[in-house]
Amino acid sequence: MAQFIEELKKSHGAGELRLSHKGEQVVLMGWVDTVRDLGGTLFIDLRDRSGICQVVLGSEQLNDLQLEVARSLRQEYVVAIMGDVIARGGKPNTNLKTGEIEVLAKDVALLNRSQPMPFQIADNVDTGEEVRLKYRFLDLRRAPLQKALLMRSKAALIAREHFASENFIEVETPILTKSTPEGARDYLVPSRINKGKFFALPQSPQLFKQLLQVAGFERYFQICKCFRDEDLRADRQPEFTQIDLEMSFVTPDDIMAVCDGMLQKMFKHILNVDIETPIPRITYDEAMARYGVDNPDVRFGMELFDITEDTRDSAFKVFSGPATGGGLVTGIVVAGGASFSRKDVDALTEFVKTYGAKGLAWLKRNDGAFSGPVSKFVDVALEKALLEKAAMKDGDIALIVADMDASVARTAAGRLRTHVAKSQGMVNPGQFGFTWVTDFPMFEKDEETGKLAAMHHPFTSPRPEDVSMLSTDPLKVKTRAYDIVLNGQEIGGGSIRIHNQDVQAEVFKALGIGDEEARNKFGFLLDALSFGAPPHGGLAFGFDRLVSIMSGLDSIRDVIAFPKTTRAGCLMTDAPSEVDDKQLTELGIKRLD
RNA sequence: GGGGUGGUAGUUAAGUUGGUUAUAACGUCGGCCUGUCACGCCGAAGGCCGCGGGUUCGAGUCCCGUCCACCCCGCCA
């Protein structure tokens with residue numbers, strides 16, 4: 001028997017073989033996908049990264065020893081096959097790319113056995129995530145996950161090529177860095193040498209990339225891990241990957257143009273989808289007014305209407321109260337929605353309640369008349385507003401949210417819009433809808449403390465024309481910040497940064513951060529800004545989200561090789577885990593309990 | 001921190017009003033089979049009904065608590 005691996009090298013990927021290889025002797029190595037033992041002849045589907053190929057193991061080509069090996073094969077055993085590519089003896093299998101050929105084995109070797117699988121290695125597996133995550137190395141054998149990670153690899157390569165061609169330099173920044181109380185909760189790492197002190201894992205390389213601009217690199221990028229100790233979602237992991245970039249001497253337009261270029265290349269080369277550039281832009285205010293959210297899904301219309309002014313004198317207090325009290329009356333018109341059942345509407349009501357809305361008012365329009373419990377309150381002004389402003393037609397339903405808190409009403413209506421669109425099949429899943437959202441507010445009010453908080457981060461540059469309002473009317477200040485949104489998900493965001501110490505000081509003041517506190521937390525940045533910092537700005541893409549949308553997967557877990565659960569743990573390694581007291585002592589740490 | 005869905009064989013599920021022996025399919029194991037391709041046929045094994053407590057003559061089923069997975073709100077850019 002020939003020595004596989006040492007002498008007989010793997011010659012082809014199983015999935016690469018075609019009729020054009022007919023007559024060639026090949027060596028395949030991979031996993032047994034399925035075995036079909038017919039007694040005299042035995043077929044196996046041999047699988048490797050490239051795909052699947054049928055191998056025929058028969059008594060005419062193999063000796064008794066080899067046949068014994070063949071008969072012992074089970075699913076997921078690792079095998080090596082040497083044989084000839086021949087045209088299929090039976091009918092071609094149209095389900096396989098290699099379906100016109102098969103490999104007639106002349107030698108077979110068992111490279112390794114496998115325990116029975118906890119679940120089947122198939123494209124569509126109905127096994128729950130709990131089991132799949134525990135055996136992630138098996139889940140990753142499945143073609144959909146292999147494809148997703150391949151796409152991710154290609155996307156990263158295109159990003160690197162793009163930024164390199166645009167004269168960017170890739171620079172690594174520290175993973176062990178300084179905790180800053182701004183933004184998300186930090187993951188902390190105790191310092192053994194400096195007992196009682198801690199590093200933080202970076203939430204993003206934000207400050208370092210700015211320092212690289214001060215250092216004169218002018219164009220920096222990096223594909224880097226970031227860490228945030230917050231509660232998780234389908235699109236949020238405790239550690240995730242950003243494509244991070246920063247540029248000197250630029251306007252927002254310059255940065256957006258570079259990013260447009262990267263997205264254009266990725267979508268063209270990976271999906272063969274043409275993105276028209278420049279990608280359209282709308283302001284934050286416009287996004288909020290038209291879509292109710294700052295991450296609008298622009299693949300469909302059904303924009304929000306605002307009937308606040310038209311319901312001021314309404315006899316319906318649910319409307320007139322918010323309308324006259326500084327609140328908002330808004331909603332959507334669903335074309336054909338008059339066919340919604342009571343149950344449908346009840347479900348939508350429950351949906352908006354999760355966003356803090358008190359309820360959902362609805363009006364159906366049929367045969368030129370309104371119906372529904374609120375219809376008795378439809379006066380001339382409201383009728384005019386719904387028919388003209390909201391363009392409601394026969395067969396439609398208007399879903400209306402009114403609230404004293406305008407942002408509650410807007411958010412509820414905005415989320416309702418995408419919820420209804422998805423459930424009504426108004427969204428084409430193969431379509432990609434990009435938009436930039438620009439001119440974000442500088443501050444938002446923290447509901448708990450009543451203090452101002454930075455919406456993006458405190459180094460975001462206000463629009464030059466708004467700087468004077470920093471002290472007088474900070475909530476009105478808009479910034480040179482921008483998010484890139486794809487299919488209703490934020491896939492990136494950035495800003496022009498403050499490069500002027502005086503402006504930075506004013507922002508800290510508005511945030512209630514004193515001189516001493518600022519120096520303590522960001523001293524090195526303030527220092528740097530005082531040594532000839534160039535005007536600069538940048539952006540970071542959420543790489544996992546971008547790849548998950550490109551691959552049509554709902555969860556970023558599907559595009560991360562070894563993701564964590566919603567409890568921020570790893571079911572495969574059982575991390576996080578307890579450590580020895582000895583380790584803690586060495587770090588100067590004591591358990592509380 | 002809050003709300004929701006789920007947890008029964010290796011996997012996916014069924015399990016009636018609480019009723020005595022907890023089903024099925026796939027997988028696994030054994031046997032047969034030379035053109036299958038989710039091969040087929042015959043047979044077998046396989047259970048802490050997530051865990052703990054309670055109600056009851058009796059709990060997979062009802063109640064309380066708890067753990068885990070997923071989805072959402074808050075949080076997070």
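This is a predicted model: local features need pLDDT of at least 70, side-chain atom pairs count only at pLDDT 80 or more; totals for chains, interfaces and linings use all residues.
1. Asn 487 sits in the loop between strand E20 (481–486) and E21; helices (H or I, at least four residues) and strands (E, at least two) are DSSP runs, numbered from the N terminus. Its phi is near 50 degrees, a positive value in a residue other than glycine. With a relative accessible area of 12%, Asn 487 is buried, where buried means under 20% relative accessible area, exposed over 50% and partly exposed in between (1.4 Å probe, protein chains only).

2. Residues are numbered from 1 along each chain as its sequence is written, chains are lettered from A and ligands numbered from 1 in the order in which they are written, and side-chain values use heavy atoms, with hydrogens and water left out.

3. Phe 249 also deserves a look in the backbone. This residue is not a glycine, yet it has a positive phi of about 60 degrees. Phe 249 belongs to the loop between E10 and H6 and is exposed, with a relative accessible area of 57%. Most residues other than glycine have a negative phi, and most peptide bonds are trans.

4. Two cis peptide bonds are worth checking by eye. One joins Thr 277 and Pro 278, with omega about -5 degrees, and Pro 278 is in the loop between H6 and E11. Another joins Ala 575 and Pro 576, with omega about 0 degrees; Pro 576 lies in the loop between H15 and H16.

5. For the overall picture, chain A has 16 helices and 22 strands. Its C-alpha atoms fill a box of roughly 90 × 75 × 55 Å along the principal axes. Of the 593 residues in chain A, 48% are buried.

6. Now to the charges. Side chains of opposite charge can pair when their charged atoms come close. The whole structure contains 40 salt bridges, a salt bridge being a side-chain nitrogen of Lys or Arg within 4 Å of a carboxyl oxygen of Asp or Glu. Asp 33, Arg 47, Glu 76 and Arg 141 are linked in a network of such bridges.

7. Asp 139 pairs with Arg 136 in a salt bridge, with the closest N and O atoms 3.4 Å apart. The two are 3 residues apart in helix H3 (residues 136–139), so about one helical turn separates them. Both Asp 139 and Arg 136 are buried.

8. Lys 225 lies in strand E9 (residues 219–227) and Glu 239 in strand E10 (residues 239–248), so the pair ties together parts that are 14 residues apart in sequence. Lys 225 is partly exposed at 39% relative accessibility, and Glu 239 is partly exposed at 25%. The side chain of Glu 239 is also joined to that of Lys 564 by a polar contact of 2.9 Å. A polar contact is a pair of N or O atoms within 3.5 Å; within protein, one must be able to donate a hydrogen and the other to accept it, and residues adjacent in sequence count only if both atoms are side-chain atoms. Lys 564 is in the loop between helix H15 (543–550) and helix H16 (581–587) and is buried, with a relative accessible area of 17%.

9. Arg 497 is placed in the loop between strand E21 (489–496) and helix H13 (501–510). At 1% relative accessibility, Arg 497 counts as buried. Its side chain makes a polar contact of 2.7 Å with the side chain of Glu 246 and another, of 3.4 Å, with the side chain of His 457.

10. Finally, consider Arg 312 and Glu 309, whose side chains meet in a salt bridge (3.9 Å, N to O). Arg 312 is partly exposed at 35% relative accessibility, whereas Glu 309 is exposed, with a relative accessible area of 56%.
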